[in-house]
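Student: Please give me a close look at one part of this model and at what packs against it. I would like the contacts and the surroundings in one connected account.

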Amino acid sequence: MKTLVWTTITYGAKGWTLKSEEKKRIQAAEMFCYRRLMHVSWKDRKKNTDILTELNTERESFGAIVKRKMTYFGHMARNKNCSITKDIIQGKIEGKRKKGRPRMAYMDNVRAWTGLAPHAAFHAAQDREAWRKECRRASRAANAHPDDAADR
């Protein structure tokens, strides 16, 4: 499943901007695959925690996407040769923005997962080992699901 299904589903995930709705869909797709793997229908009304304990696994798909995005961000932040990617990621555009709520940006995800301002995240990514630890921490935190914690 990890070799065939998840590589197809998460293709290009480094560039995605993830909202809470996408997180729900990714985690639902993961549970759907686990249920299909065990031949369990949604009509059987088995809890997700029961499926995860039977498979002796935990949710890991969304955390893997978070880790990919953050490692890619660290790679881009450390790249000395290309400043255009930094400008694109930071989203600096001249002129006025349209009415309404601002769109979710790439840096909004990094800010939410690290708790750092954009300039602080760029500075933190310069230390490779510290950034790796931050990526692992964010990945573990992203996999947490409220339903799983309530049942255990």
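**A helix and its neighbours**

Tutor: Lys 23, Ile 26, Gln 27 and Glu 30 of helix H2 meet Ser 61, Phe 62 and Ile 65 of helix H4. Contact here means heavy atoms within 4.5 Å. Helices are DSSP runs of H or I with at least four residues, strands are runs of E with at least two, and both are numbered from the N terminus. The model is predicted, so local features need pLDDT of at least 70 and side-chain atom pairs count only at pLDDT 80 or more, whereas totals for chains, interfaces and linings use all residues. Residues are numbered from 1 along each chain as its sequence is written, and side-chain values use heavy atoms, with hydrogens and water left out.

The axes of H2 and H4 come within 8 Å and cross at roughly 130 degrees. An axis is a line fitted to C-alpha atoms, for helices over the stretch in contact, and the angle runs from 0 to 180 degrees between N-to-C directions. H2 and H4 are therefore oblique to each other. In this scheme, angles under 35 degrees count as roughly parallel, over 145 as roughly antiparallel, 65 to 115 as roughly perpendicular, and the rest as oblique.

Two residues from this contact can be followed further. Gln 27, in helix H2, is buried at a relative accessible area of 5%. The term buried means under 20% relative accessible area, exposed means over 50%, and partly exposed lies in between, with a 1.4 Å probe and protein chains only. Setting aside neighbours within four places in sequence, Gln 27 contacts Arg 59, Phe 62, Ala 142, Asn 143, Ala 144 and His 145. Not counting residues up to four places away in sequence, Ser 61 touches Trp 6, Ile 26, Glu 30 and Asn 143.

The crossing of H2 past H3 is left-handed: the near helix is turned anticlockwise from the far one by less than a right angle, while clockwise would be right-handed.

Arg 45 lies in the loop between H2 and H3 and is exposed at 74% relative accessibility. Its phi is near 55 degrees, a positive value in a residue other than glycine. Most residues other than glycine have a negative phi. Asn 56, in the loop between H3 and H4, also has a positive phi near 55 degrees and is exposed, with a relative accessible area of 71%.

Lys 69 places its charged end over the ring of Tyr 106, 4.3 Å from the ring centre. The criterion is NZ of Lys or CZ of Arg within 6 Å of the ring centre and within 35 degrees of the ring normal. A search of the whole structure finds three aromatic pairs. One of them joins Phe 73 and Trp 131, tilted, at 5.6 Å centre to centre with 45 degrees between the planes. Phe 73 lies in H4 (residues 61–78) and Trp 131 in H8 (residues 128–143), so the pair ties together parts 58 residues apart in sequence. Rings of Phe, Tyr and Trp (its six-membered ring) pair if their centres lie within 6.5 Å, and planes under 30 degrees apart count as stacked, over 60 as edge-to-face and the rest as tilted. Phe 73 is buried at 0% relative accessible area and Trp 131 at 3%. Together with Phe 122, these two residues form one aromatic cluster.

As for the setting, the protein has nine helices and zero strands. Of its 152 residues, 31% count as buried. Among contacts with a separation of 6 or more, 69% are between residues 24 or more positions apart.
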